[in-house]
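Good morning. I will take a few minutes on one model, going from the overall layout to the helix pairs and then to the charged side chains. Please have a look at it first.

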Amino acid sequence: MSTSTFSAAHRRYVKSLYRRMLTDSLNWTVHRELWRRRALVIRAEFEKNRNVHDPRQLAVIFDKAEADLARNQHPDPVISPLFPGGTKWYVTGFKIIR
């Protein structure tokens, strides 16, 4: 088992940020092969900062990433039909119509 200077909460936050960025970029792209290029760019950005251990630098990097994510957020994101807000989600009674 390897030891890490980062806590489990830090790793969860980075994973969450990465997934949110991938999901948002997928909302902007119709074809998955075009999205894959953007996903590789996002991965490269995360890998570039992988060895940063200074908490102040990390805070600046995270603030910039969160601001970029908020600025580029899709106004009408894709929602799975069975999830709340999806086309098959029945609001009254919270029933799923099949």
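One term before anything else: buried means under 20% relative accessible area, exposed means over 50%, and partly exposed is in between, with a 1.4 Å probe and protein chains only. The model is a predicted one, where local features need pLDDT of at least 70 and side-chain atom pairs count only at pLDDT 80 or more, while totals for chains, interfaces and linings use all residues. Residues are numbered from 1 along each chain as its sequence is written, and side-chain values use heavy atoms, with hydrogens and water left out.

Now the layout. The protein chain has 3 helices and 2 strands, and along the sequence they follow the pattern α-α-α-β-β. Helices here are DSSP runs of H or I with at least four residues, strands are runs of E with at least two, and both are numbered from the N terminus. Of the 98 residues in the protein chain, 18% are buried. For contacts, meaning heavy atoms within 4.5 Å, take those in the protein chain with a separation of 6 or more: 51% of them are between residues 24 or more positions apart.

Next, the helix pairs. Axes are lines fitted to C-alpha atoms, for helices over the stretch in contact, and angles run from 0 to 180 degrees between N-to-C directions. Angles under 35 degrees count as roughly parallel, over 145 as roughly antiparallel, 65 to 115 as roughly perpendicular, and the rest as oblique.

How do helix 1 and helix 2 pack? Their angle is about 150°, and the axes are 9 Å apart. The two are therefore roughly antiparallel to each other. The crossing is right-handed; by the convention used, that is the near helix turned clockwise from the far one by less than a right angle, and left-handed is anticlockwise. On the helix 1 side the contact residues include Val14, Leu17 and Met21, and on the helix 2 side they include Trp35, Ala39 and Ile42.

Helix 1 also packs against helix 3, which covers residues 55–71. These axes come within 11 Å and cross at roughly 25°, so helix 1 and helix 3 are roughly parallel to each other. This crossing is left-handed. Among the residues that meet there are Tyr13, Arg20 and Asp24 from helix 1, with Phe62, Glu66 and Leu69 from helix 3.

That brings us to charge. Side chains of opposite charge can pair when their charged atoms come close. A salt bridge is a side-chain nitrogen of Lys or Arg within 4 Å of a carboxyl oxygen of Asp or Glu. By this rule the count is 5.

One of them joins Arg20 and Glu66, at 2.7 Å from N to O. Arg20 lies in helix 1 and Glu66 in helix 3, so the pair ties together parts that are 46 residues apart in sequence. Arg20 is partly exposed at 33% relative accessible area, and Glu66 is partly exposed as well, at 24%.

Another is between Glu47 and Arg43, at 2.8 Å from N to O. Both lie in helix 2, 4 residues apart, about one turn of the helix. Glu47 is partly exposed at 32%, and Arg43 is partly exposed at 39%.

Buried or exposed, where does each one fall? Asp68 is buried, at 19%, whereas Lys64 is exposed, at 53%. Elsewhere, salt bridges that share partners join Arg43, Glu47 and Arg50 into one network.

Last, Asp24, which lies in helix 1, residues 8–28. Asp24 is buried yet has no salt bridge. The nearest side chain of opposite charge is Arg38, 7.7 Å away; Lys and Arg count as positive and Asp and Glu as negative, with His and the chain ends not counted. Leaving out residues up to four places away in sequence, Asp24 touches Leu69, Asn72, Gln73 and His74.
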